[in-house]
Amino acid sequence: MVCMGNICRSPTAQGVLAHRAALAGVGDWLQVDSAGTHDYHVGAPPDGRAQVHALRRGVDLSGQRARQLTALDFQDFDLVLVMDDRNERAARALCPAADRAKLRRLTDFCRHHSDDEVPDPYYGGDAGFEHVLDLIEDACDGLIAALKASDGRASAG
């Protein structure tokens, strides 16, 4: 899961996917991580607002710490899921040509929302964090369904 600073969207997506995968009975074979395309917050915990909103939905983000995306992530994970166009371009610049098919948008897996990006809630209010959670939950449920349908083993970063 990849966003810009790895303190709002991508740690939320990491936490939601891990939580929902455990509930769906696939958490034991799905490895989930998150990173940012920039090094603004390396070592920092997720934004407090992201933590509060996620916890209200049963997802604890408190143990996560921000890190920066590296080219090795494309070797270590079967999917690298970005939140928006800007971070997709930044991730693509790091992605080895042989691994381009691994790079996708998280919203590609949405089943109920038509948004093509997960917007950055950092400068918004509570409604922005709630909308991000709605999109991420939808996409994570779609991703889990796709993985179960393919009966494949995958990791998402």
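Colleague: Let's start with Asn6. Where is the place of Asn6?

Modeller: This is a predicted model, and in it Asn6 sits in the loop between β1 (2-3) and α1 (9-23).

Colleague: What is the phi of Asn6, and how do I read it?

Modeller: General idea to begin with: most residues other than glycine have a negative phi. Now the case here: Asn6 isn't a glycine, yet its phi is positive, about 65°.

Colleague: Is Asn6 buried or exposed?

Modeller: Buried, because its relative accessibility is 1% and the cut-off for buried is under 20%. Asn6 is also one of the residues lining the largest pocket.

Colleague: Pockets, then. How does one find empty space in a model?

Modeller: Rolling a probe the size of a water molecule over the atoms shows where empty space is left. In this structure, the largest pocket holds about 200 Å³ of space.

Colleague: What classes of residue line the largest cavity?

Modeller: Seven nonpolar and two polar, with no charged residues.

Colleague: Now helix α1. What should its 15 residues span?

Modeller: At 1.5 Å a residue, they should span 21 Å, and the C-alpha atoms at its ends are 21 Å apart, so the two agree.

Colleague: Which residues of α1 are buried?

Modeller: Arg9, Ser10, Pro11, Thr12, Ala13, Gln14, Gly15, Val16 and Leu17, plus Ala21. Ser10 is a handy example: it belongs to helix α1 and counts as buried because its relative accessibility is 0%. Ala13, also placed in helix α1, has 0% relative accessibility, so it counts as buried.

Colleague: What comes just after α1?

Modeller: Gly25, with a positive phi of about 80°. Ala24 is in the loop between α1 and β2 (31-32). With a relative accessible area of 29%, Ala24 is partly exposed.

Colleague: How far apart are Ala24 and Ile144, in sequence and in space?

Modeller: In sequence, 120 residues; in space, 7.9 Å from C-alpha to C-alpha. Try the exercise again with Ala13 and Asp39: they are 26 residues apart along the chain, and 19 Å separates their C-alpha atoms. For Ser10 and Cys110, the gap is 100 residues along the chain and 16 Å between C-alpha atoms.

Colleague: What about His113?

Modeller: His113 lies in the loop between β5 (103-105) and α5. It counts as partly exposed because its relative accessibility is 29%. His113 and Ile136 are 23 residues apart along the chain, with their C-alpha atoms 9.8 Å from each other.

Colleague: How many residues does the largest nonpolar core have?

Modeller: It has 33, and Met1, Leu17, Leu106 and Ile136 make the most contacts inside it. Helices α1, α2 and α5 each supply at least two residues of this core. The most comes from α5, which gives nine residues.

Colleague: Last topic, cysteines. How many disulfides does the structure hold?

Modeller: The idea: a disulfide is a covalent bond between the sulfur atoms of two cysteines. Here there are zero disulfides.

Colleague: Are Cys110 and Cys140 buried or exposed?

Modeller: Cys110 is buried, with a relative accessible area of 14%. Cys140 is buried as well, at 0%.

How values were computed:
Residues are numbered from 1 along each chain as its sequence is written. This is a predicted model: local features need pLDDT of at least 70, side-chain atom pairs count only at pLDDT 80 or more; totals for chains, interfaces and linings use all residues. Side-chain values use heavy atoms; hydrogens and water are left out. On a 1 Å grid over the protein atoms alone, a cavity is a set of points where a 1.4 Å probe fits but cannot get out, and a pocket is an open set with protein on both sides within 12 Å along at least five of seven lines; lining residues have an atom within 4 Å of a point. Grid points are joined across faces, edges and corners, and a volume is the space filled by probe spheres set on the points. Helices (H or I, at least four residues) and strands (E, at least two) are DSSP runs, numbered from the N terminus. Buried means under 20% relative accessible area, exposed over 50%, partly exposed in between (1.4 Å probe, protein chains only). A disulfide is a pair of cysteine sulfur atoms within 2.5 Å. Ala, Val, Leu, Ile, Met, Phe, Trp, Tyr, Cys and Pro count as nonpolar, Asp, Glu, Lys and Arg as charged, and the others, Gly among them, as polar. The expected span of a helix is 1.5 Å times one less than its number of residues. A nonpolar core is a set of buried Ala, Val, Leu, Ile, Met, Phe, Trp, Tyr and Cys residues joined through side-chain atoms within 4.5 Å.
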